Amino acid sequence: MARRKKIYEGKAKTLFEGPEPGTIVQYFKDDATAFNAEKKDVIEGKGVLNNLLSEYFMVGLGQIGVPTHFLKRLNMREQLVRSCEIVPLEVIVRNYAAGSMSKRLGIDEGTQLPRPIVEYCLKDDALGDPLVSEEHIAAFGWASQQDMEDILSLTLRVNDFMSGVMLAVGIRLIDFKIEFGRVFDGDFQRLVLADEISPDSCRLWDIETGRKLDKDVFRRDLGSLTDAYSEVARRLGVMPNTPPTMGKPTLVN
């Protein structure tokens, strides 16, 4: 079988040319990284769980009118998505203080914020994805004013949806990171939610116990990352109580 053409390989995913023009195959790896890839490991089954969970969230968001790049899941590790021009920003929504916000502002982790706070980081691994302001974004042309208005509106809708979904299964959405891309519809360009939504890109705490069900389990050596992600998937009904054998990854179609 012919090997597909690889477009890009990141820390958690590999992108391949899709079967049709304007499509990409997004492959979820088992690699886990933290602290700008200073800490690394391979967690068997992580890619399968993230693929299933990202599909679940993207489909749900599409059903409430949030445009996404997601087209369909192809198998346990891959999904077909629309090709798009990624806006070079990470958009972070914080509902509770945690992680870098707690360190920067001296706020105890778990403190509920007065309202959801949206932050922006420049997508640049070499610089450590630095925090930037809307002034930086406008001055350097990373996104237009209309882009920013659309990004903020869509981001808050994502937060409302995700918070509700998680609350219904006893999980508190502490914060999350999303990305956006530009696609052409005829002669017009529009923004779509891109990349992924998974426990890799969210902080998720059990409401009753405070147990962490996200990548902080790996960052802080709190136990099994697969168990944490599987618990999220089980509560959402994404996979049965007894998960199937994950199997080893293959990059050949």
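User: How are the axes and angles of a pair of helices to be read here?

Analyst: Axes are lines fitted to C-alpha atoms, for helices over the stretch in contact, and the angles run from 0 to 180 degrees between N-to-C directions. This is a predicted model, in which local features need pLDDT of at least 70 and side-chain atom pairs count only at pLDDT 80 or more, whereas totals for chains, interfaces and linings use all residues. Residues are numbered from 1 along each chain as its sequence is written, and side-chain values use heavy atoms, with hydrogens and water left out.

User: At what angle do the axes of helix α1 and helix α6 cross?

Analyst: Two packed helices are described by the angle between their axes and the distance between the axes. Here the axes of α1 (residues 46-63) and α6 (residues 225-236) come within 10 Å and cross at roughly 30°. That makes α1 roughly parallel to α6, since angles under 35 degrees count as roughly parallel, over 145 as roughly antiparallel, 65 to 115 as roughly perpendicular and the rest as oblique. Helices (H or I, at least four residues) and strands (E, at least two) are DSSP runs, numbered from the N terminus.

User: How does α1 cross helix α4?

Analyst: The axes of α1 and α4 (residues 145-168) come within 11 Å and cross at roughly 120°. That makes α1 oblique to α4.

User: What is the length of α4, and which of its residues are buried?

Analyst: Its expected span is 1.5 Å times one less than its number of residues. With 24 residues, α4 reaches 35 Å from its first C-alpha to its last, close to the 34 Å expected at 1.5 Å a residue. Buried means under 20% relative accessible area, exposed over 50% and partly exposed in between (1.4 Å probe, protein chains only); the buried residues of α4 include Asp147, Ile151, Leu154, Phe161 and Met166. Just after α4, Gly170 takes a positive phi of about 75°.

User: How many residues of strand β9 are buried, and which strands pair with β9?

Analyst: Eight of the eight residues of β9 (residues 89-96) are buried, so this strand is largely enclosed by the rest of the structure. Two strands pair if DSSP finds at least two bridges between them. β9 pairs with β10 (residues 112-122) in the antiparallel sense over seven bridges, and Val93 has Val118 of β10 as its bridge partner. Four bridges join β9 to β12 (residues 171-185), again running antiparallel, with Ile92 opposite Lys177 of β12.
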